[in-house]
Amino acid sequence: MNMILFMITLSLTLSIALTALNFWLAQMNPDSEKLSPYECGFDPLGSARLPFSIRFFLVAILFLLFDLEIALLLPLPWATQLQSPTTTLAWTSILILLLTAGLIYEWAQGGLEWAE
C-alpha cells in the first residue's frame with residue numbers, strides 16, 4: 001500500500017512541478033509571425049469559415065465503414081480451423097450483403113456523386 005501511495009504522490013508532485021515550470025519558463029512575447037493564422041506563405045484569399053460540403057463527410061464515413069469491413073474480414077482464412085466454419089461463413093455473407101445493400105442505397109440516392 002505504501003508503494004502505491006508513494007507512486008501516486010510522486011506522479012502528482014512531478015506533474016504539478018512540470019506544469020508550474022512550463023508556466024514560469026514560457027516566453028509570453030508573441031510576434032507578428034506567431035500571431036498570423038496561416039503558415040503557408042501567402043495571405044488568405046477568402047474566409048476560413050466557409051462551410052464544408054456534407055459529401056466530404058459522407059465519403060469519409062463510407063471509407064471508414066469499408067475499412068472496418070476489411071478489418072473484420074481479414075482473419076477469415078483462419079476461420080476454417082474453427083469447429084463450425086459454416087456459421088462463420090453465414091455471418092460473413094450476412095455482413096457483406098448488408099454492406100452491399102447500404103452501398104447500393106447510397107448509390108441510388110446519389111450520395112456518391114460529386115457534381116449535381
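Predicted model: local features only at pLDDT ≥ 70, side-chain atom pairs only at ≥ 80, totals over all residues.
**Helix H4**

Helix H4 covers residues 85-109. With 25 residues at 1.5 Å a residue, H4 should span 36 Å, and because its end C-alpha atoms lie 36 Å apart, the model agrees with that expectation. Thr88, Thr92, Leu99 and Glu106 are buried in H4. The buried residues of this helix pack against H3. After H4 comes Gly110, which has a positive phi, near 85 degrees.

**Helix H3 and Val59**

Helix H3 runs over residues 54-73, and Val59 is part of this helix. Is Val59 buried, partly exposed or exposed? Val59 has a relative accessibility of 33%, so it counts as partly exposed; buried would require under 20% and exposed over 50%.

Val59 also belongs to a nonpolar patch on the surface. The other members of the patch are Phe52, Ile54, Phe56, Phe57 and Trp114, and together with Val59 they have about 710 Å² of accessible area. Val59 and Leu112 are 53 residues apart in sequence, while their C-alpha atoms are 7.3 Å apart in space.

| Helix | Residues |
|---|---|
| H3 | residues 54-73 |
| H4 | residues 85-109 |

To sum up, H3 holds Val59, and the buried residues of H4 pack against H3.

Key: Residues numbered from 1 in each chain as written. Heavy atoms only, no water. Patch = residues over 30% accessible without salt bridge, like charges linked within 9 Å, V, L, I, M, F, W, Y side chains within 5 Å. Areas by Shrake-Rupley, 256 points an atom, 1.4 Å probe, with all protein chains shown as cover. Salt bridge = Lys/Arg side-chain N within 4 Å of Asp/Glu carboxyl O. Helix = DSSP H or I, 4+ residues; strand = E, 2+ residues; numbered from the N terminus. Buried < 20%, exposed > 50% of the residue type's maximum accessible area, 1.4 Å probe, protein only. Expected span 1.5 Å × (residues − 1). Contact = heavy atoms within 4.5 Å.
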